Amino acid sequence: MIVLLKEHPDERQLDNLLGWLRERGIDVHPTVGEHQTILGLIGDTSKIDIDLISALDIVDDVRRVQEPYKNANRKFHPDDTVIRIGSTQIGGGSLTLIAGPCSVESEEQIVGIAKAVKASGATILRGGAFKPRTSPYAFQGMHIEGIRLLLKAKEATGLPVCTEIMDASQLPLFEDIDILQVGARNMQNFSLLRALGKTRKPVLLKRGMAASYQDLLMSAEYILAGGNPNVILCERGIRTFETYTRNTLDLACIPSLKTLSHLPVIIDPSHATGKAALVPSMACAAVAGGADGLIIEVHNDPAHALCDGPQSITPAAFDKLAGELEQIHQIVQGDREDVIIR
Ligand code: PEP
Ligand code: MN
């Protein structure tokens, strides 16, 4: 249930209402907007009399929220969530480019790619250290050494870093990591989600291969309900009957998730297609469709990459793509004049 308050509500009446709700075991999550404060009510609201609350002087409207996700719901939080990481931000109209290799392989590799993607306009560096591989015999990542090298690349370039966490027990190793990625295979690792809810670190939550929008939003809800508001949704392709592409990129998720939720939406065209040649067009389509950003695998030598080489684009291809994305983003933002001048 949500309670929409009138502008400048009387403080004593508001305190009384909050106390009355809490006495009934209801958790109240206020969202202060520019013109209106919204109280999100979580708990068993079935016995709360809507007419009684609606009749209060300070109340504008009361509505029931049918969806099981509350904190992630746009109705609870009408404004877009904007996540700030150092001098960059995710959401709120900016275009975030997260780029880097699937896996950290060496200092030379990660620092070199970091410098290249930064020069092309990437704002965040990606690189896996703990890799969730389908085969137990495949390269599993460099683990702690991978984290150390990723942090070296952060030091060398100033780029914030994003890397995958596979288990809650790894959290102490990720202290200096800026964005914790939860992989598609771990989207419903609820003990991990609960542990991330206790931190305040931004979490890039990837959609599971067979997860509905609601499943994804319920996983986000685990993190948000724990008190961490910094969740980024990521579509990375889902399993369908198509086998030409590695997965099927569901771009309808962008307007859908943005309607259902206030959380930023990032698209991963690399895992969604599995083919480097398809990445640029899908990346452009995602930005045209209103995505808040992209996470793209970039490798200096895709043919010899230890993981996901076939879907990795080169730094030169990323450079060309980043320029195109910037132009599309400006059109989407309505800044047409600027595009024409370029
Ligand atoms: C990755 O980002 O390299 C990765 C393993 O992604 P996903 O969880 O989407 O497969
Ligand atoms: Mn990968």
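**Salt bridges and the manganese site**

Asp80 and Arg74 are joined by a salt bridge in which the closest N and O atoms lie 2.8 Å apart; a salt bridge is defined here as a side-chain nitrogen of Lys or Arg within 4 Å of a carboxyl oxygen of Asp or Glu. The model is predicted, so that local features need pLDDT of at least 70 and side-chain atom pairs count only at pLDDT 80 or more, whereas totals for chains, interfaces and linings use all residues. Residues are numbered from 1 along each chain as its sequence is written, chains are lettered from A and ligands numbered from 1 in the order in which they are written, and side-chain values use heavy atoms, with hydrogens and water left out.

Asp80 is partly exposed at 35% relative accessibility, while Arg74 is buried, with a relative accessible area of 18%. These classes are set by relative accessible area (buried, under 20%; exposed, over 50%; partly exposed, in between; 1.4 Å probe, protein chains only). A salt bridge also connects the side chains of Arg63 and Asp61, with an N to O distance of 3.1 Å. In this pair Arg63 is partly exposed, at 44%, and Asp61 is likewise partly exposed, at 30%.

The closest N and O atoms are 2.8 Å apart in the salt bridge between Asp292 and Lys258. This pair links distant parts of the chain, 34 residues apart: Asp292 lies in the loop between α9 (279-288) and β14, and Lys258 in helix α7 (residues 253-260). Helices (H or I, at least four residues) and strands (E, at least two) are DSSP runs, numbered from the N terminus. Asp292 and Lys258 are both buried. Elsewhere, a network of salt bridges links Arg207, Glu235 and Asp250. The whole structure contains 15 salt bridges.

The manganese ion (ligand 2) is coordinated by Cys102 (SG), His271 (NE2), Glu297 (OE) and Asp308 (OD), at 2.0 to 2.4 Å. Donors are N, O and S atoms within 2.8 Å of the metal (3.2 Å for Na, K and Ca); water is not among the atoms, so sites may look incomplete. Along the sequence, the donor residues of this ion follow the spacing C-x168-H-x25-E-x10-D.
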